[in-house]
Amino acid sequence: MLAAAGSAVGLGNIWRFPYLAAKDGGGLFLLVYLILAVTFGFTLLTTELAIGRKTRRSSLSAYRRLNPRFKNLGILALIIPMVILPYYSAVGGWVMKYTVAYLTGNGAETATDGYFNSFISSETEPLIYTILFMAATAYVVYRGVNKGIESSSKILMPILLLMIVGIAIFSMTFEYTSDDGVTRSGLDGLKVFVIPDFTDLTLDKLSITIMDAIGQLFFSLSVATGIMITYGSYVKSEDNLIKSINKIEIFDTLVAFLAGMMIIPVVFVFMGQEGMNHSGPGLMFICLPKIFASMGTVGTVLGAVFFTMVLFAALTSAISMMEGIVASFIDKFGYSRRKSTAIEFVICAVVGVLVCFGYNILYFELPLPNGVTAQILDLLDYISNNMLMPLLALLTCVLVGWITKPKKIIDEITLNGEPFTRKGLFIVMVKYIAPLLLILLLFKSVGVF
Ligand code: PHE
């Protein structure tokens, strides 16, 4: 369970959640996200952990066990983390670069305008850090030393959480008067983040927000990637799954919420609503250094500790992704752990190089249906989160809701007579609401409407 929590909390919470929330207008995104978390997130996390524990198989063969006609879901569940890992590692590489900058006393420099853009558009540096991040991940997976890493989460995760709380509180104290004489404070920014604004809400905007929020939810909880099935298969029969599900859900959502509180007010103070609408993957890397810079020398130290923690959280998630892929390779092709890790490392490195080149020699601007102007990173992110993950989630719900029936899952999670208060909700979600909404969202994400 610690491993599952380590997998869930990562760049998804600290890097991805804040920039999507900012892009989709703050409060509205947060509200939609929270509603989806207690309905969709809970349903999928429950389903996947239960499938894993019931079948005692990694995702690749778990689906086949449940129903041979659905065996291809295992392949889909293998492809998804293979698409995510290369760009996840690129962002992990950026975190590594910032960690190094802070540790070597060059933290202040990262707060200067244009620093981030000139870093990612340079040809060699991002590449080196991306490969380094991947190599660290592969090393841990190859040596099978995840256990050691996971147990350090027990200490490091609470420290990270405390730091996020501290920085979030500090973010509230910011105030700035822009050139046109408007003064905005951190508290105004907090309001934008937590209070939904329904004025000018169109159906299109709402559906984009739901689509972004659901992809973010899957990404953040590491569901619809097969990983939670694999982790479920390691859980003992006598363990209380419901308790664990609740803990993972609450902790993951809390970290995302607090990361939003830390970053969004600062974006709002310095860039206003307009700046929020245009936020992208660079948001955290542009905002955080500004916060640390305003703290003076303390900021340099805090920045160093903070980026190290984020790097650690990113690594535990990347390790879980690679572990899932490698476990499937071993399972499917009978390769050794060493060979499987080497193959995945090479594939990941090749795609990762393309992701890095997406900001220089392979630069393009591709408009996506959710309003993002994409480079390679955003494109892979969109394909995995907005298309493949909802597709896998949809097919999983059809399988569980209609073929094997929800009772199987319910029996599994209440194996030791645990009370299951959200049982009714679970059944309605998995059979009707989730499939229906996911179909609509898939149409939306491929641009049908
Ligand atoms: N959940 C992780 C995060 O929030 C990312 C992840 C996605 C990990 C999919 C595993 C599988 O950063």
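Visitor: Of the contacts between residues at least 6 apart in sequence, what share join residues at least 24 apart?
Guide: In this predicted model, 82% of those contacts in the protein chain join residues at least 24 apart.

Visitor: And what is the chain built from, helices or strands?
Guide: The protein chain has both, with 18 helices and four strands. Its radius of gyration is 21 Å, close to the 22 Å that the globule rule gives for 449 residues, so the chain is as compact as a globular protein of that length. The C-alpha trace spans about 65 × 50 × 40 Å along its principal axes, and buried residues make up 51% of the 449 residues.

Visitor: Switching to the ligand, how many residues surround it, and which are the closest?
Guide: The ligand is surrounded by 16 residues, the closest being Gly10, Gly12, Ser222, Thr225 and Ser317.

Visitor: Which helices supply at least two residues each of that shell?
Guide: Those are H1 (2-8), H2 (11-23), H5 (72-103), H10 (203-221) and H14 (297-333).

Visitor: What about the shell by class?
Guide: Seven of the shell residues are nonpolar and nine are polar, while no charged residue takes part.

Visitor: New topic: where is Arg56, and what is its phi?
Guide: Arg56 sits in the loop between helix H3 (27-55) and helix H4 (59-66), and its phi is near 55°, a positive value in a residue other than glycine. Arg56 counts as partly exposed because 14 other C-beta atoms lie within 10 Å.

Visitor: Then Asp200, is that one buried or exposed?
Guide: Asp200 is exposed, because it has 7 C-beta neighbours inside 10 Å. Asp200 lies in the loop between helix H9 (186-194) and H10, and phi of Asp200 is near 55°, a positive value in a residue other than glycine.

Methods: Residues numbered from 1 in each chain as written. Predicted model: local features only at pLDDT ≥ 70, side-chain atom pairs only at ≥ 80, totals over all residues. Near = placed C-beta within 6 Å. Nonpolar A, V, L, I, M, F, W, Y, C, P; charged D, E, K, R; others polar. Rg over C-alpha atoms; globule rule 2.2 N^0.38 Å. Buried ≥ 20, exposed ≤ 12 C-beta atoms within 10 Å, placed from the backbone. Contact = placed C-beta atoms within 7 Å.
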